[in-house]
Amino acid sequence: MGLIPLLILVGFAVLAIIFDLFLGRWWAKIFSYIGVALATGGEVMAWSPRGKFLSGLLLQDPVGIFSAALILIFTFIVFLTADGYDLKSGIREGELYILLALSTAGALVMVTTRHLLVAFLGMEILSVANYALAGLRRDNLSREASVKYALLGVFASSFFVLGIGFYYGAGGSLFIDAKVAANPSPLALGAGLLLVSALMFKVSLFPFHFWTPDVYQGSPSPVTGYFSVVTKIAAFVLLLRLSDFIIRPEFRWFLVASAVLSMIYGNFVALKQTDIKRLMAYSSISHAGYMALALLLGKQGGWVLLFYLAVYGFMNLGAFAVISSMAEKNSLEDYRGLSRLNPPLAAFLAFFLISLAGFPPTAGFLGKFLLFSEAGGAGYWSLVVVAVLATLVSVYYYLRVVLYMYMKQGEEGGYYFSTSILAMFISLFFVLELGIFPSTILSFLKVFVG
Amino acid sequence: MNGYGILILASLLFAGGVAGFFLKKDLLTMLLSAEVSLSGAILALLYFALSNPTEVRAGIIAVLTVAAAEVAVALASVAVVVRVKGRATEKTVSEMKG
Amino acid sequence: MKALLGLIILFPAFGALFFVLFGRLLSKKLISWLSPSLVGLSFIASLASFLTLKSGSMLYLFPWLSVGNLHVDFALLWDPLSAIMTLTVSGVAFLIHIYSVGYMGEDPGFARYFAYLNLFTFSMLLLVLSPNLPMMFVGWEGVGLCSYLLIGFWFEKETAANAGKKAFIVNRIGDFGFLLGIFLLFTILKDLNFSYINSHAQVLSPAMATAVALLLFLGATGKSAQIPLYIWLPDAMEGPTPVSALIHAATMVTAGVYMVSRLFPVYARSGFALDVVAWVGIITAFFAATIALVQNDIKKVLAYSTISQIGYMFAGVGVGAVSAGMFHLFTHAFFKSLLFLAAGSVIHALGTQDMRKMGGLRKEMPVTFWVFLIAALAISGIPGFSGFFSKDEILAQAFAKSRAIWAIGVITAGLTAFYMFRLIFMTFYGKPKGWQHAHESPPVMTVPMIILAFFSVVAGWIFAAFHHFLEGLGYVRLRELAPSAEHILVAVSVSLALIGIGVAWWVYVRRERGLNFGIIYRVLAGKYYVDEFYDILFVTPYTQGSRVINRYFDKGIIDGAVEGSGKITMEGGKLLSLLQTGFIKDYGLWMAAGVILALTLAIRGVL
């Protein structure tokens, strides 16, 4: 049963390719929408029966199903966002949707597998589609983004493959739950380190994050939103599954240092940014740093990690829905006086940025609150202090954008929006829902994820 | 067992690839080097799989295939840069920074 | 009838939402009727709650957070502490809403102003009615947000925008402490409801209690403008004057005092933390009062005066007299908002805030003058007026705990009387300086002032009637002093206040007249000697001293620290961004270096 969402997604993507080729772009869009929608339904229905299937290569467990459902919902929101985007920017829209659907298929594989080789396959499906997505716009920045992402991605992949080799050498098995992490040999340690490093590259944790600002800035806006959310979820879930390595004492300091540096680096460098997508890239680095706190809690941190990923996804995609509506006018100067020009857009962006900054009663506050108090409860006090400080710094650059929109006079111009406003409304709804009525989802996560 | 030979070769490939990545200026060569180190890693995987060939060997073929796909896409993106800018060194793709 | 509690916050919440969404479409007239009446209804609901609900009533709205052992509900708590705060906040807010209709009548941002003001009222009521820390934090951030928005209301003015920014940055530091305090409390007690925290404060070790209390107190110093985080409040005077009255005098800035009172058992667990609260409070009271002596901007005087009076409240709570601190909070809300409204009335009439350009307004603005005088007498602690009761209670309780705190407090009381009457004499007495026409404000502004003046007189009696009301909390009690000692203390502080008023009169009325009609005074021999003697002994050290404080401490060290840390952060960001070279190879090098470093160190750990 568990394979069905994946089959639906890939099947419709293939149909989309064919129809795009012979009948026109609209078909690609429609098939991709249908594929993602049906796959979401399939994922929900896969709730029971749960368990292993396909000779134990794939796994349908609460973590996998929840994150897969999240990934599909987020992809759907990205589709809505892209609808408002490609009207103006004139990229080949058919490809955009097909590649997004395929990349999502890779992400689904990553979160529902218990075998490292399959995980690698999923990661490569995701990555290959992502390199192409990054370069979809016909300008120099987009091309540069694609090259940078691809070259460094190949580099990270080789870490991952080498890690798989070590893992097999240490434990004689490629199953993630094979308890290799308990193996005291240096080989096991090396395996864990390489695997984790490659995934840290995907989620943009220091010092593997350097590609992030360049790629985020250069990629088409909806794609950037997609990178910052879906790729992160897939890789974080894999990291969660490998967290037995992370909590080993020889290893823990590395993630602690990385989390601290990510928070500091992301938030500090974001202060001087003038390009909003670049700013959001640094913001995403710092958020990866916060989420790394949950990883340090091991499997017990799973529920708070997944909750934060959900919260982060909605608020970030909401912000990117607005950014995409600006049709690649990404300088902060372009946001000057937006509140007069297009009040709904400005209000939406302000709301999502306030949530990213962690103000109550938005979900951004609650996510950080739970994350930090869990980390504090586990004794990572110094990390919590750094995290709270970093959050306070971050407020400055988020609100700077709001200031530009509301407190500076801008010039007149014409902006409009389309289905992307739907993406904004959905995100808004969930950011408030998760911030004010989170009990249902939290008790679900607490019961099933632990 | 002379599997060690494979391991040594794998290490050489991996190290050589990494060295090439950092020493060469041309994007195509850098990509090639990254690919070499990826091959080294796959070879290392093969070495570890020697003891139990049935389970992993098929998987390695799959890994090789997707690695090839990855490099193909990377190559395409470099090729676009070459076509537009005439050449592709590290400097041609360093517009975004800071 | 617990639903009344819901109504208290519902009315302003509806107003805020309605004006934010449809403000542009509504007529000015509708807004000016609707906005104050919503807050009025909220006040009526609070009064009704006060009359019908018993202490400890709780209205559950819905469960907010329920994970593992963390249970936080959205609920509203009605107990003596929240009752006093709710009545004060909704009552004062109601009057200031009415006043604002007149004051902001000409402003193009009319709808926006009332949207923010209603939002503020809602957040503040949420803050005081919340039964747990996370919900309180929601209100805490909400009032903060409204405060920045309203300080920067006239954001076209560079200074206003900067003042909003400054308030914002300084409060980040406070929030840092507040948040860490919440996290720490949660990890120790596993519960964030006030009732649980206060009944389990004994579980905390004294060291832990000290850490929690001081972290939370850092938050309080930010919100309530105490040393070292007080510097944003004087700048906050860039906002519209009714806002200064409501947010930066009567309600929001006292939230810190409320929070400390709310969690008093935690503070009481750690004697050191209480001492810190008391000393920070009293030193702030003294410092701010000395700075107020030399200000020439009418609102700046009042701003420093607010800082000083909140210092008194903290001193009261810090010496263990929660009810005395809350008492002063209650009376201060009336006379200080009245002072601001009256100052606003003057500013409205003259269009300047510089007291050197005022003078002689007594005849033209009689209502404003009289209410101002009443408020000034109240803040100076003249017997019969509300400030007398509350201030003397704090001083008496301080005397019982520490003579030093009492001494500083009494001196500060003298200074307070001096700068307040200096303000009155410079503004309302003497000859007009630099203005031709002044007119009394319209009734929509004067009536709220008259009502507040009434309360500035009687608030002391009202509260005294409920004196044992706060003891319903279980942890509030006062030390009893011998009646004779109490009389002596009252005599000392009242005479110091009278001396302060007398000196102000001497310097700003009598001497000024003397300068103008020189011969009479020259005949009264020794006048100049007295003046010079006075100058050397009294005025020069004061003015010079507080100028030094102002320049080096206020502007130099504290401002410098804030701006410096901002600059360091910015520069740090720029420096770090140099790592982002744009070259693929550098990025790859970082990755390789990271892996190699981790691998070496980790494997060395294994072997």
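Me: Before we look at single residues, what counts as buried, exposed or partly exposed here?
Reply: Buried means under 20% relative accessible area, exposed means over 50%, and partly exposed lies in between. Keep in mind that this is a predicted model.

Me: OK. Where does F94(C) fall on that scale?
Reply: F94(C) has 24% relative accessibility, so it counts as partly exposed.

Me: Which helix is it in?
Reply: F94(C) sits in helix α3 of chain C, which covers residues 80–103.

Me: What does F94(C) touch, leaving aside neighbours within four places in sequence?
Reply: F94(C) is in contact with P36(C), V39(C) and G40(C).

Me: How far is G40(C) from F94(C), C-alpha to C-alpha?
Reply: Those C-alpha atoms are 5.4 Å apart. Along the chain, the two residues are separated by 54 residues.

Me: Now L95(C). Buried or exposed?
Reply: Buried. L95(C) has 8% relative accessibility, and the cut-off for buried is under 20%. L95(C) is also found in helix α3 of chain C.

Me: And which residues does L95(C) contact, leaving aside neighbours within four places?
Reply: P448(C), I451(C) and L452(C).

Me: Zoom out. How many helices and strands does chain C have?
Reply: Chain C has 23 helices and 2 strands.

Me: What does the C-alpha trace of chain C span?
Reply: About 100 × 60 × 60 Å along its principal axes.

Me: What share of chain C is buried?
Reply: Of its 607 residues, 61% count as buried.

Me: And what share of its contacts join residues at least 24 apart?
Reply: The figure is 82%, taken among contacts in chain C between residues at least 6 apart in sequence.

Me: Switch to chain B. What is its secondary structure?
Reply: Chain B has 3 helices and 0 strands. Along the sequence the pattern reads α-α-α.

Me: Compact or spread out?
Reply: Chain B is more spread out than a compact globule, because its radius of gyration of 16 Å is well over the 13 Å that the globule rule gives for 98 residues. Its C-alpha trace spans about 50 × 25 × 25 Å along the principal axes.

Me: How much of chain B is buried?
Reply: 44% of its 98 residues count as buried. As for contacts in chain B with a separation of 6 or more, 55% come from residues 24 or more positions apart.

Me: Interfaces next. How many residues take part between chain B and chain C?
Reply: Chain B gives 14 residues and chain C gives 12. The area buried between them is about 970 Å², and carbon and sulfur atoms give 68% of it.

Me: How many salt bridges between chain B and chain C?
Reply: The count is 0. The rule does find 1 residue pair in polar contact across that interface.

Me: Which helices of chain B supply at least two residues each to that side?
Reply: α1 (3–23) and α2 (27–49) of chain B. α1(B) gives the most, with 3 residues. By class, the side of chain B that touches chain C has 7 nonpolar, 2 polar and 5 charged residues.

Me: And how much area is buried between chain C and chain A?
Reply: About 5,400 Å², of which carbon and sulfur atoms give 83%. The contact takes 53 residues from chain C and 68 residues from chain A.

Me: How many salt bridges there?
Reply: The rule finds 0 between chain C and chain A. Polar contacts come to 8 residue pairs.

Me: Which elements of chain C supply at least two residues each to that side?
Reply: β1 (57–67), α5 (133–151), α6 (158–189), α22 (527–577) and α23 (584–606) of chain C. α23(C) gives the most, with 15 residues.

Me: How does that side of chain C divide by class?
Reply: The side of chain C that touches chain A has 36 nonpolar, 13 polar and 4 charged residues.

Technical notes
Residues numbered from 1 in each chain as written. Chains lettered and ligands numbered in written order. Predicted model: local features only at pLDDT ≥ 70, side-chain atom pairs only at ≥ 80, totals over all residues. Heavy atoms only, no water. Helix = DSSP H or I, 4+ residues; strand = E, 2+ residues; numbered from the N terminus. Buried < 20%, exposed > 50% of the residue type's maximum accessible area, 1.4 Å probe, protein only. Contact = heavy atoms within 4.5 Å. Buried area = accessible area lost by both parts, 1.4 Å probe. Salt bridge = Lys/Arg side-chain N within 4 Å of Asp/Glu carboxyl O. Polar contact = N/O pair within 3.5 Å; in protein donor to acceptor, adjacent residues only side chain to side chain. Nonpolar A, V, L, I, M, F, W, Y, C, P; charged D, E, K, R; others polar. Rg over C-alpha atoms; globule rule 2.2 N^0.38 Å.
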